[in-house]
Amino acid sequence: MRVLITGGGGQLGAQLRRVAPSEAVVSVTGRAELDITDAAAVQRHCAAFAPDWIINAAAYTAVDRAESDAQTAHAVNADAVRHLASAAAASGARLLQVSTDFVFDGAQGRPYRPADPPQPLGVYGTTKLAGERSATEVLGGRALIVRTAWVYAAQGRNFVHTMLRLMREREQIGVVADQVGTPTSAHGLARALWGLIDVNASGIHHWTEAGVASWYDFALAIRDEALACGLLERAAHVAPLSTAEYPLPAPRPSYSVLDKSATWGVLGQAAQHWRAALRDVLTEIARMESA
């Protein structure tokens, strides 16, 4: 099996490389190796590599910046997906498109199922939904869409590293408590994506780790687990904030928990709880910092 992975410089791309099956021939590309917004370059690269699968882990994820940079967000999250899907169609490959909980508005108050109608609130979610639709319009059943949420890893810029930095610098921080979802380690997500490829899944799937948390809950867990593994020397006070108290350019869904039951059934197992995954990632960070 030959697999092309885009977004190799990101946290998910790194984990996809890390847990790739030993029998897979994998080409991992970052922006320097392949500009996915360049349709001709995508066609040339896919024709030369001849993948069986393309995993698109590249995305414009700067949610707030997207509100004032919609053209770039659309080029990366929507147009580039169409380029990849067209190249996959030409070479007989399949495309796994990684998408987001932000395609929903958070208004329904129960975990979102794959078939629930999307209703994005901002530019980021709108462009990611456009990418989903581009993939399915071009490839039909040969497209696999996997929505996930709140992704972080031991490397890269993410909420976990931001919290560790702020908790080292300050005695008190404030974190939004009225936005609820599920933290997801890039490592666990990468393993799930390879598992879905292994069973030749198609259609729309949801995958995060188990459990539910607000950003405030997530921050408290980061603090407590970081103290336990020696990443923090003292416990900063974490104060709960409302969304209104912490305004940002892009609107966020207040409740974006994804229903993963169907995907867990396809994979034959449920994911671990998000707090156990967090403990694993913080332990890895501690090892890296002590090396």
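Tutor: Start with W150. This is a predicted model, and W150 sits in the loop that joins strand 5 (143–148) to strand 6 (151–152).

Student: What makes W150 count as buried or exposed?

Tutor: Buried means under 20% relative accessible area. W150 has 10% relative accessibility, so W150 is buried.

Student: What is the phi of W150?

Tutor: About 50°, a positive value, and W150 is not a glycine.

Student: Which residue other than glycine has a phi near 55°?

Tutor: A50, and that value is positive. A50 lies in the loop between helix 2 (39–49) and strand 3 (53–56).

Student: Why is A50 called partly exposed?

Tutor: Exposed means over 50%, buried means under 20%, and partly exposed is in between. A50 has a relative accessible area of 41%, so A50 is partly exposed.

Student: Now helix 5. How do you know that K128 has no salt bridge?

Tutor: K128 belongs to helix 5 (residues 123–139). A salt bridge needs a side-chain nitrogen of Lys or Arg within 4 Å of a carboxyl oxygen of Asp or Glu. For K128, the nearest side chain of opposite charge is E132, 7.6 Å away. K128 is buried yet has no salt bridge.

Student: What does K128 touch, leaving aside neighbours within four places in sequence?

Tutor: K128 is in contact with A59, N77, Q97, V98, S99 and T100.

Student: Why is E132 called buried?

Tutor: E132 is in helix 5 too. Set its value against the cut-off: buried means under 20%. E132 has a relative accessible area of 3%, so E132 is buried.

Student: Which residues does E132 touch, not counting those up to four places away in sequence?

Tutor: S99, V103, I145, R147 and I204.

Student: Now the whole protein. How do you know that its radius of gyration agrees with a compact globule?

Tutor: With 291 residues, a compact globule would have a radius near 19 Å. The protein has 19 Å, so the two agree. Along its principal axes, the C-alpha trace spans about 55 × 40 × 35 Å.

Student: What share of the residues is buried?

Tutor: Buried residues make up 52% of the 291.

Student: How many helices and strands are there?

Tutor: The protein has 10 helices and 12 strands.

Student: And how far apart are the mean positions of the positive and negative charges?

Tutor: They are 3 Å apart, for 26 positive and 28 negative charges.

Note on methods:
Residues are numbered from 1 along each chain as its sequence is written. This is a predicted model: local features need pLDDT of at least 70, side-chain atom pairs count only at pLDDT 80 or more; totals for chains, interfaces and linings use all residues. Side-chain values use heavy atoms; hydrogens and water are left out. Helices (H or I, at least four residues) and strands (E, at least two) are DSSP runs, numbered from the N terminus. The radius of gyration is taken over C-alpha atoms; the globule rule is 2.2 Å times the number of residues to the power 0.38. Buried means under 20% relative accessible area, exposed over 50%, partly exposed in between (1.4 Å probe, protein chains only). Lys and Arg count as positive and Asp and Glu as negative; His and the chain ends are not counted. The place of a charge is taken as NZ of Lys, CZ of Arg, CG of Asp or CD of Glu. Contact means heavy atoms within 4.5 Å.
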